[in-house]
Amino acid sequence: MSTPRIGVVVPAHDEEELLADCLAGLRTAARAVADRARVGVVVVADDCTDGTEALARRHRVGAVRVAAHNVGRARAAGASVLLSRPGRPVTWLATTDADSVVPPDWLVAQLDARDAGADAWAGTVEVADWSGLPARVRVRYRAAYADRAAGDRHRHVHGASLGVAAHAYRAVGGFPPLVSGEDVALVRRLDEAGLRVVRDPAHPVATSARTSARAPDGFASHLRGLAEMHVIPAAPGTSPYEGGSAARIS
C-alpha cells in the first residue's frame with residue numbers, strides 16, 4: 001500500500017503576527033505521523049496587505065496568493081493546489097486557521113479515523129487566551145459549547161479542525177464559495193451523501209479569542225455577540241450543524 005499523502009490548507013488574511021505559531025503547530029503534528037504519511041502545507045494568502053505570504057515561504061511551506069477575500073474560495077484554492085500536484089496529489093485534506101494551533105496528535109487522530117474507514121473527520125476548538133475579554137464571555141461560551149460537544153460526538157463544525165478524504169471532497173463538490181459557513185456547508189453535503197463523518201471532541205485546536213472578524217458570522221463575531229449579550233444563552237436548538245472558528249479567513 002502506498003504511503004498516504006496529507007495536505008493541510010491554511011487560509012490567511014493579514015495573519016503575519018499569528019501564522020508562525022500556526023505553522024509551528026503543524027510541523028509538530030506532521031512529525032507525529034512521519035512514519036505513516038507525508039504531509040504538505042499550503043497557506044492561501046487571501047487579499048493580504050502584510051507579510052503573510054513571505055512568512056509562509058520563509059517557513060518553507062507552499063504559498064498561494066488569491067484576492068477573493070472569501071474564506072470558501074480561499075480554502076477551495078488551497079485544496080485545488082494540493083489535489084492537483086503532478087505525481088503527488090494528496091489523498092486526505094486537512095484544514096485549520098492561521099490564528100489557531102493544532103495539538104500534536106491532530107493528524108494522528110485524522111489518520112486513525114481514515115484507517116478505520118472514515119470519509120471525513122470533524123474536530124473541536126478551544127480558546128487559547130481569554131485575557132482580552134470579560135469573564136462573562138468565557139462562562140457563556142463554555143456553557144453553550146459544552147452542550148454541543150458532550151460525549152463521543154458533537155455538533156460543531158470548524159474549518160480550524162477539519163479533515164476529509166480526497167475522494168469524498170471531490171464527490172460533494174468541495175468547499176463552496178461562501179464568505180462564511182463554507183465548512184458547515186461541506187460537512188452537510190458529506191452527511192447528505194451518506195459519507196461517514198467522524199465527530200471527534202478529543203483533540204481540540206487552540207484558537208484566538210479576538211473579536212475583530214475576518215469574515216461575517218465567524219468565530220470572532222460569535223465572541224463579540226457573547227460579550228454584548230445581557231443574558232446567558234439558551235440551550236442549543238435542534239440543528240445538527242454548529243459552525244465555528246473556520247467561518248472566516250484567519
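Let's start with Leu19: leaving aside residues up to four places away in sequence, Leu19 touches Val10, Val43, Thr52, Leu55, Ala56 and Ala98. Keep in mind that this is a predicted model. The chain has 250 residues, and 52% of them count as buried.

**Overall build**
- You'll find eight helices and ten strands in the chain.
- Among contacts with a separation of 6 or more, 77% come from residues 24 or more positions apart.
- The accessible surface is about 10800 Å², and carbon and sulfur atoms hold 51% of that.

**The nonpolar core**
- The largest nonpolar core has 57 residues.
- Leu19 shows up again here: along with Val10, Leu26, Leu93 and Trp106, it touches the most other members.

**Salt bridges**
- The chain has eight salt bridges in total.
- One of them joins Glu182 to Arg75, with the closest N and O atoms 2.8 Å apart. That pair links distant parts of the chain, since Glu182 sits in helix α7 and Arg75 in helix α3, 107 residues apart.
- Glu182 is buried, at 0% relative accessible area, and Arg75 is buried at 0% too.
- Asp112 pairs with Arg36, the closest N and O atoms being 3.0 Å apart. Here Asp112 lies in helix α4, while Arg36 lies in the loop between α1 and β2.
- Asp112 is partly exposed at 41%, and Arg36 is partly exposed at 26%.
- Arg36 and Asp112 also belong to a network of salt bridges with Arg114 and Asp115.
- Arg57 and Glu53 form a salt bridge as well, and both lie in helix α2, about one turn apart.
- Arg57 is partly exposed at 47%, whereas Glu53 is buried at 15%.

Note on methods. Residues are numbered from 1 along each chain as its sequence is written. This is a predicted model: local features need pLDDT of at least 70, side-chain atom pairs count only at pLDDT 80 or more; totals for chains, interfaces and linings use all residues. Side-chain values use heavy atoms; hydrogens and water are left out. Helices (H or I, at least four residues) and strands (E, at least two) are DSSP runs, numbered from the N terminus. Buried means under 20% relative accessible area, exposed over 50%, partly exposed in between (1.4 Å probe, protein chains only). Contact means heavy atoms within 4.5 Å. Accessible areas come from the Shrake-Rupley method with a 1.4 Å probe; for residues, only the protein chains shown count as cover. A nonpolar core is a set of buried Ala, Val, Leu, Ile, Met, Phe, Trp, Tyr and Cys residues joined through side-chain atoms within 4.5 Å. A salt bridge is a side-chain nitrogen of Lys or Arg within 4 Å of a carboxyl oxygen of Asp or Glu.
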